[in-house]
Amino acid sequence: MKVLSAQQMRDLEQAAVDNGATYIKLMEKAGTAAAEALIKYGAESKKVVIICGKGNNGGDGYVIGRVLKKYSCKVDIIRLGEPRTTDSKLNAEKAIKLDIAMVNFPEDKETSFELIKNADYIVDAVYGIGFRGALDENTAEIAKFVNTSKAFVMAVDIPSGVGCDDGSVKGECFKANLTVTFTTLKPAHILYPSMDYCGKTEVASVGISDELINLSEYIMQTTDEFLGEKLLPERKISSNKGTFGTLLAVVGSYGMAGAAIMCGKAAQRSGAGLVNIALPKSIYPIVAGKLIEAVFTPLAEKNGISSAEDCNKLVSLANKSNAVVLGCGMGHNEDTEKIVCEILTNCKKPIILDADGINSIVPHIHLLKKAKAPVILTPHPGEMARLLGCTVAEVQQNRAEIALNFAKEHNVSLVLKGANTLISDGNILLVNRTGNAGMARGGSGDVLAGMIGSLAAQGINPFRAAVCGVYAHGLAGDRTAKRLSETTMLPTDMIEDISF
């Protein structure tokens, strides 16, 4: 699915009108779709309060009210001003003819707050994708009151108070349990901090053809559209372990044996023919006892961290393998920096830098451009901040721009982890929509690195391996959450749910 800016969405709607649609019909379909989505969440026969703005988002709200009446809902509309667009005026008049009760805010403030207090469901239909800046005083006041209610809140298109294109939130903002948007996703649904105000986001069709959507310009697209239905090629009957490549994983340190285990097991589960775990010899017995299918290269160590005296051995092993994962639980000191730099500048096979592999390259970031093979970096926001020499807050506020620009500048594929992980090769920017909050645990990144490394070792294009790994990682997390719950699931549970 594409992610469109506000202007791109307006252009797409205009293209639909130029091809025979009308704005009033698009509004009718949008409002109907949003109302039916609310019914799916149990709104039938319940008390619903719809807060309507002056523009077309408010017009959607009036349509929602009419449709909900058909489901025996007790509907009240709070109006933040008179409708000012032709289509919203028309739909307001239709709602009035159905005897839907309406009050004005702030004139009827006490009544409005009483309605909100007693509502089962609240619909935010105040501002749409054209909103910028901060909410006015009256809207901010009602948004604040809504956010203290116990009602289920649905936002129409985007929560009122968020910036569509940059995800900004300046002051008070409606916080939704569900956001129903139309035709495509918008940046606010996948950027910080706005995504935290959207709740679950669902995309509803309003009848704009796939042909027009495909012709539309866009900011980014989702991983599922990029990958298509088939993630991996079929395995031939004549295949053997050599067919599916060898992954070298330089991972683990004293106290971080689990990272090596999770990376290695996820790599095996993801289809690599052979996984070679290179690790400090002191943790070899621990890891080997958990990964009986792997082969091992025990390394010399200093204080539980792999020693640089084995650099030549590791470079040789890397070039005999089909892909390399560097960094999961590896530790960070001068030796690890040397190991990472030597492999990066001398290995001719795809390299996945994760965790301490990333930390080790921070002082030598110029070497990324000297790599002889494709490089994939998988930083979380903290590691990304270290790479850029900025704060985590600055990373979170500019995720899309940072992912695209860093990948382009350093000639790498970048996986910027977090909810709605972003993946870029400097030309394409993708957002991943699989996964859930239960994956926010130490070890999830080790699983992802093993998966991406495994796919790259099997000969899949490195950028596609990164995209496929992120997508499948999220799917595994969703399966595990369904099986166990987001609260109780662990990264090791996710490995059992990996499937391609």
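Reply: One cut-off before we start: contact means heavy atoms within 4.5 Å. The model is predicted.

Me: Which residues of α2 and α3 meet by that rule?
Reply: Met 27, Glu 28, Ala 30, Gly 31, Thr 32, Ala 34, Ala 35, Leu 38 and Ile 39 are on the α2 side. On the α3 side are Asn 56, Gly 59, Asp 60, Val 63, Ile 64, Arg 66, Val 67 and Leu 68. These contact residues divide into 10 nonpolar, four polar and three charged.

Me: Why are α2 and α3 called oblique to each other?
Reply: Their axes cross at roughly 55°. Roughly parallel needs an angle under 35 degrees, and roughly perpendicular starts at 65. The α2 and α3 pair is therefore oblique. The crossing is right-handed.

Me: What makes Glu 28 and Arg 66 a salt bridge?
Reply: The N to O distance is 2.8 Å. The limit is 4 Å. The pair links helix α2 to helix α3, 38 residues apart.

Me: Why is Arg 66 called buried, and why is Glu 28 called partly exposed?
Reply: Buried means under 20% relative accessible area, and exposed means over 50%. Arg 66 has 13%, so Arg 66 is buried. Glu 28 has 25%, so Glu 28 is partly exposed.

Technical notes:
Residues numbered from 1 in each chain as written. Predicted model: local features only at pLDDT ≥ 70, side-chain atom pairs only at ≥ 80, totals over all residues. Heavy atoms only, no water. Axes fitted to C-alpha atoms, helices over the stretch in contact; angles between N-to-C directions. Helix = DSSP H or I, 4+ residues; strand = E, 2+ residues; numbered from the N terminus. Parallel < 35°, antiparallel > 145°, perpendicular 65-115°, else oblique. Left-handed = near helix turned anticlockwise from the far one by under 90°. Nonpolar A, V, L, I, M, F, W, Y, C, P; charged D, E, K, R; others polar. Salt bridge = Lys/Arg side-chain N within 4 Å of Asp/Glu carboxyl O. Buried < 20%, exposed > 50% of the residue type's maximum accessible area, 1.4 Å probe, protein only.
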